[in-house]
Amino acid sequence: MFATASRRVFQNAASASACSNNLTAFFPVRCMSSIPSTMKAAVVREVGDAHALKVESDFPTPELKAGGVIVKNQFAGINFIDTYHRKGLYARELPFVGGQEGGGTVAAVSDEAAAQGIKVGDPVAYSVFGSYAQYTAVPAGKLLPVPEGVGLDVATSCVVQGLTAHYLTSSAHADLIKEGEWCLIHGVGGGTCQWAAQMAKLRGFKVIGTCSKGKADVAETLGCDELIVLDEIPGASYEDYESVDIVSRVMEVTDGKGCKAVIDGIGKSTVDISINSLAHRGIFISFGNASGAVPAFPVLRLIGKSAYVTRPKLLDYTVDRAELLSRADEIFGWLKDGKLNVSVDCSFPLNAAAEGHLYLEAGKSKGKVLYKID
């Protein structure tokens with residue numbers, strides 16, 4: 001946990017002087033240095049393609065709120081959900097600062113956060129909206145303290161993709177899969193499912209992974225029991241799932257039984273494959289839309305195997321600080337013990353915000369993609 005904070009308290013007038021932009025209008029704070037009234041941020045004012053993400057140098061710096069901190073960001077994670085927000089697939093109130101995953105150091109602390117032991121200079125990672133910016137206001141309950149020996153780039157990578165992979169492999173399957181049983185994970189060559197494949201193995205599951213030929217070199221390092229390598233679709237963020245008869249291969253590998261769980265972040269292109277690859281009383285876990293949203297289908301379709309389906313999201317698997325820290329602690333522990341490997345593919349400068357989204361959506365990444373923020 002955070003070390004006990006020092007007890008230097010500034011009253012309203014003094015703290016307003018130290019932290020500009022009225023960050024401390026009504027309560028005392030602790031500050032590293034003067035925080036500017038405006039900042040650099042990648043902003044969406046109209047939804048659209050990657051170029052809807054505009055870098056502004058004079059966006060208002062967020063205000064410090066009771067119970068929160070201001071984080072000076074060093075990295076921001078780029079995730080597919082960010083592209084869904086940018087395109088309007090998942091509606092947000094306009095305008096908004098992109099991103100929801102960041103890492104940096106605490107620059108200002110509210111009195112309430114200080115009472116929890118949070119202090120200026122602490123290295124932290126978090127998941128809240130508005131991480132594509134130099135500064136982000138973060139509730140103290142959302143902060144993850146970064147342990148010594150874990151880099152901020154790796155810690156930032158953990159927050160959305162790592163925590164998502166954790167709940168997918170530990171909770172979303174509702175214990176319908178047991179140790180020694182088969183799990184199919186699509187797209188293990190990049191992003192969240194690189195994490196998920198490794199975590200599934202740590203849970204004792206047998207793993208069948210799918211990946212493109214261009215990412216096979218990465219996927220082969222993850223420990224999958226079986227790897228199904230697919231042709232690529234130029235310019236797409238997903239593989240050609242018609243280039244191999246995946247269902248037949250799954251049934252061959254599992255002696256005709258199928259998989260007790262299928263983890264699918266691809267969406268439209270894989271829904272039929274995923275459902276048809278299930279074992280009796282298996283569960284289809286659909287968590288993403290890389291190829292498009294999963295179309296509606298009749299629940300009667302599941303009757304043949306008495307199958308289950310779930311469409312989870314991270315917020316429902318980190319409902320309180322105890323659950324958040326429990327998941328993060330296990331992930332950081334695996335990282336420190338060398339049981340989990342994180343691949344940071346590349347870092348774009350924030351000024352190249354559109355290029356970062358284009359890179360991700362083109363399916364080029366073989367690991368985590370970040371913005372490096374100065």
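Analyst: Contact means heavy atoms within 4.5 Å; helices (H or I, at least four residues) and strands (E, at least two) are DSSP runs numbered from the N terminus. This is a predicted model: local features need pLDDT of at least 70, side-chain atom pairs count only at pLDDT 80 or more, and totals for chains, interfaces and linings use all residues. Residues are numbered from 1 along each chain as its sequence is written, and side-chain values use heavy atoms, leaving out hydrogens and water.

User: Which strands stand at the edges of the open sheet of three strands, and why is one side of each left without a neighbour?
Analyst: This sheet has antiparallel pairing in the order S3-S2-S5, where two strands pair if DSSP finds at least two bridges between them. The edge strands have a single partner strand each, so one side of each has no neighbour in the sheet. They are S3 (53-60) and S5 (96-97).

User: How many bridges join strand S2 to S3?
Analyst: S2 covers residues 38-44 and runs antiparallel to S3. Met39 has Phe59 as its bridge partner in S3, and Val43 has Lys54. The number of bridges joining S2 to S3 is six.

User: Which residue in S5 does Val44 stand opposite?
Analyst: S2 and S5 run antiparallel and are joined by two bridges. The residue of S5 that Val44 stands opposite is Phe96.

User: How many of the seven residues of S2 are buried?
Analyst: Buried means under 20% relative accessible area, exposed over 50% and partly exposed in between, with a 1.4 Å probe and protein chains only. S2 is mostly covered. Of its seven residues, the number buried is six.

User: At roughly what angle do the axes of helix H2 and helix H10 cross?
Analyst: H2 comprises residues 80-87 and H10 residues 353-361, and their axes come within 10 Å. Axes are lines fitted to C-alpha atoms, for helices over the stretch in contact, with angles from 0 to 180 degrees between N-to-C directions. Phe80, Asp82, Thr83, Arg86 and Lys87 in H2 meet His357, Leu360 and Glu361 in H10. The axes cross at roughly 115°.

User: What covers the buried residues of H10?
Analyst: Seven of the nine residues of H10 are buried, namely Ala353, Ala354, Gly356, His357, Tyr359, Leu360 and Glu361. The elements covering them include S2, S3, S4 (68-78), H2, S16 (344-349) and S17 (368-372).

User: Which residue takes a positive phi just after H10?
Analyst: H10 ends at residue 361. Just after this helix, a positive phi of about 75° is taken by Gly363.

User: By how many degrees are neighbouring strands of the open sheet of six strands turned against each other on average?
Analyst: The six strands show parallel pairing in the order S12-S11-S10-S13-S14-S15. S12 (226-230) and S15 (308-310) are the edge strands, each with a single partner strand, so one side of each lacks a neighbour in the sheet. With direction ignored, neighbouring strands of this sheet are turned on average by 15°.

User: At about what angle does helix H5 run to S10?
Analyst: S10 (residues 182-185) pairs with S13 (residues 259-264) in the parallel sense over three bridges, with Ile185 opposite Ile263 in S13. H5 (residues 192-202) lies across S10, S11 (206-212) and S13. The angle of H5 to S10 is about 170°.
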